[in-house]
Amino acid sequence: MRALRCYAPNEVGVVEVPKPELQNEYLLVKPLATGICGTDIEIIEGGVDPAYIRYPITLGHEWVGRIVASGANDFAVGARVVVEGVVPCESCDECKAGATNRCAKYDEIGFTRDGAAAELISVPAKLAHLIANQVSDESAALVEPAAVVYQGLLRINPTPDSKILIVGDGTIGLLATTLSKVFQPKVLDVYGIRSSQEGLVRQAGADRFVTDSSQLTKDYDFVVEAAGAIAAVDLALTQGKRGAQVLLLGYPEHGARLSLAVHDLINNDVTIHASFSYTRKSWKAIVDLLNSGDLDLTFVVTHIYQLEQWPEALETLRALTSQPRGKVLLALNLD
Ligand SMILES: [Zn+2]
Ligand SMILES: [Zn+2]
């Protein structure tokens, strides 16, 4: 079967690999659509913290698929599923406490075990979640990044009628915007640097989209940094009212540092949260929101490529474009 495989930094391509075999308590799943993101680019370029990647690796950690063979009673062939990428050991203290994102034995699909940018993938059945018929493949493919965002939002748990600012107009920013609506804010503003993203930001549910930071009101109760750039973190830390909570979601380059105006942060009684990955709880919450019809992420997907077009897909993701850009998907076996 074909797979988009990264053998070492800057050694990547679609290659033929053996099909995985069905194991007990596992599912063989045919990926339908697999998103690519900045983290995939970092894997390809060698920018990921070495503790969180194992080469060679088949890429693909944001995906939806259809079961083609089942080694578990609860899952029938033909069902559409999303599968938690973090494989918890279930025996460490963090797992026992429900913090599967901090499992002592890091293991994740698309990072330490082969991902879903391939014609088939083998996954533990216990991590699979059924997707209702009315949910689009595009929405379902976004469960992983949505769960990452939701995990962070549950951490700050915005109170109803609060003022929220999202810093960032990329995919994570769009997801943070649309998921913030679950918490019923009074004000939901987005700061970004690409005016071409305004339509997507509005679709996500923002009240206001600002590309000039001097127009921000600096009175937000909650600020979510979703851009993954040091300058954006710096900005996010200064936009809250006194007592604000700031959530860091975006990943700047590994090793990048920021100098903090510590005196001002203390004076302003600021709480800074940094949130990693997702737990089973936040993953299931996103699946429930999609299956109930309360959440639709289809609008976030702006580009779909075939597997062989992976260079174009990566180019689209990297490009400094004046066109709207949300999630870039690889279509593998779209019905
Ligand atoms: Zn990702
Ligand atoms: Zn564990």
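Predicted model: local features only at pLDDT ≥ 70, side-chain atom pairs only at ≥ 80, totals over all residues.
Is cysteine 89 buried, partly exposed or exposed, and what is its relative accessible area? Residues are numbered from 1 along each chain as its sequence is written, chains are lettered from A and ligands numbered from 1 in the order in which they are written, and side-chain values use heavy atoms, without hydrogens and water.

**View 1. Four cysteines hold the zinc ion (ligand 2).** The SG atoms of Cys89, Cys92, Cys95 and Cys103 lie 2.3 to 2.4 Å from the ion; donors are N, O and S atoms within 2.8 Å of the metal (3.2 Å for Na, K and Ca), and water is not among the atoms, so sites may look incomplete. The donor residues follow the spacing C-x2-C-x2-C-x7-C. Cysteine 89 is partly exposed, at 30% relative accessible area, whereas cysteine 103 is buried at 9% (buried, under 20%; exposed, over 50%; partly exposed, in between; 1.4 Å probe, protein chains only).

View 2. Cysteine 37 is buried, with a relative accessible area of 12%, and glutamate 62 is buried at 2%.

**View 3. Serine 162 is buried.** Its relative accessible area is 2%. Leaving aside residues up to four places away in sequence, serine 162 touches Pro185, Lys186, Val187, Asp221 and Phe222 (contact: heavy atoms within 4.5 Å).
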